[in-house]
Amino acid sequence: MTQPTADPLRNLVDRAERGPLTGDEAQRLRDGIRQLHDWLTTARAADRAEQKRAERAEAALTALHHGEEPHTDDRTIPTPAQWIWRWNRATPEQRLEVAADILSNSERTYHCVLEDHPAQIERLRQRAEEAEAALDAVQGDRDGWRDRAHGYRTAVNAVRRLHEREPEAGYCAVCSNHGDITWPCATIRALDAHTNSKDQT
Ligand SMILES: [Zn+2]
């Protein structure tokens, strides 16, 4: 609604000072006053509506900042109140980045819970411990076998030394006592059949 101009009314008032207005002039004066009055009423209503809108906007802004606390030291982790303070001052790009991070973390957490990762980790830890224990047992067995093998070779070597060939006679002195003068004697033949003569410690 455009603001009615007051000039025609002033002209009519000037005209009234010079003599009585005609019926038509008086009517135009009345119409002009009514238009001005209507315009003022409408303008005041619009102003009140504008005022209310401004109040609502201010209330919304206050609600947005409610609970926030300034966070200015980037080296510290913000509290929730400080996080909101930062969020309210972030650029749209920064907000999108943060939102993407939060969603990604939520998804990871969701899968972690869904797939029960803590229990899986515990099971894997137990299996690792069992495997370590089994390995220790195998190593213990191996050490035992090594000791036994060593003892066995020592015994075989002692027997071989006992049944050495007499250089001059050409046979084993021990077995010749029982009439065995072949070389190698029966004992050495038996050892050669079942052991490696080079396998000596
Ligand atoms: Zn012998």
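Pro184 sits in the loop that links helix H6 (173–176) to helix H7 (186–194); helices here are DSSP runs of type H or I with at least four residues, strands are E runs of at least two, and both are numbered from the N terminus. The peptide bond that leads from Trp183 into Pro184 is cis, with omega near 0°. The model is a predicted one, in which local features need pLDDT of at least 70 and side-chain atom pairs count only at pLDDT 80 or more, while totals for chains, interfaces and linings use all residues. Residue numbers start from 1 along each chain as its sequence is written.

Stepping back to the whole protein chain, the count is seven helices and zero strands, and the order along the sequence reads α-α-α-α-α-α-α. The radius of gyration is 56 Å, well over the 17 Å that the globule rule gives for 201 residues, so the protein chain is more spread out than a compact globule. For this comparison the radius is taken over C-alpha atoms, and the globule rule is 2.2 Å times the number of residues to the power 0.38. Along the principal axes, the C-alpha atoms fill a box of roughly 180 × 30 × 30 Å. Buried residues account for 2% of the 201 residues, where buried stands for 20 or more other C-beta atoms within 10 Å of a residue's own, exposed for 12 or fewer, and partly exposed for values in between, with C-beta atoms placed from the backbone. Of the contacts between residues at least 6 apart in sequence, 32% join residues at least 24 apart; a contact requires C-beta atoms, placed from the backbone, to lie within 7 Å.

The protein chain is divided into domain 1 (1–66) and domain 2 (117–194), with bounds that come from an automatic or database domain assignment. The C-alpha centres of these two domains lie 120 Å apart.

Helix H1 (residues 7–18) packs against helix H2 (residues 23–65) at an angle of about 140°, and their axes are 10 Å apart. Axes are lines fitted to C-alpha atoms, for helices over the stretch in contact, and angles run from 0 to 180 degrees between N-to-C directions. The crossing of H1 and H2 is left-handed, a label used if the near helix is turned anticlockwise from the far one by less than a right angle, with right-handed used if clockwise. On the H1 side, Pro8, Leu9, Leu12 and Arg15 meet Glu25, Arg28, Leu29, Gly32 and Ile33 of H2. By class, this contact has five nonpolar, one polar and three charged residues; Ala, Val, Leu, Ile, Met, Phe, Trp, Tyr, Cys and Pro count as nonpolar, Asp, Glu, Lys and Arg as charged, and the others, Gly among them, as polar.

A further pairing involves H5 and H7, whose axes come within 10 Å and cross at roughly 150°. This crossing, too, is left-handed. Val156, Val159 and Arg160 of H5 make the contact with Thr187, Ile188 and Leu191 of H7, and the residues comprise four nonpolar, one polar and one charged.

Asp116 lies in the loop between helix H4 (92–114) and helix H5 (117–162), and its phi is near 55°, a positive value in a residue other than glycine. Asp116 is exposed because 11 other C-beta atoms lie within 10 Å. Glu122, in helix H5, also has 11 C-beta neighbours inside 10 Å and therefore counts as exposed. Glu122 and Thr79 are 43 residues apart in sequence, and their C-alpha atoms are 32 Å apart in space. In helix H4 lies Ala100, which is exposed because it has 10 other C-beta atoms within 10 Å. Ala100 and Arg75, 25 residues apart along the chain, have C-alpha atoms separated by 22 Å.

Finally, Arg165 occupies the loop between H5 and H6. With 14 C-beta neighbours inside 10 Å, Arg165 counts as partly exposed. Leaving aside neighbours within four places in sequence, Arg165 is in contact with Gly170, Tyr171, Cys172 and Trp183. Arg165 and His194 are 29 residues apart in sequence, with 19 Å from C-alpha to C-alpha.

Terms used: Two residues are in contact if their C-beta atoms, placed from the backbone, lie within 7 Å.
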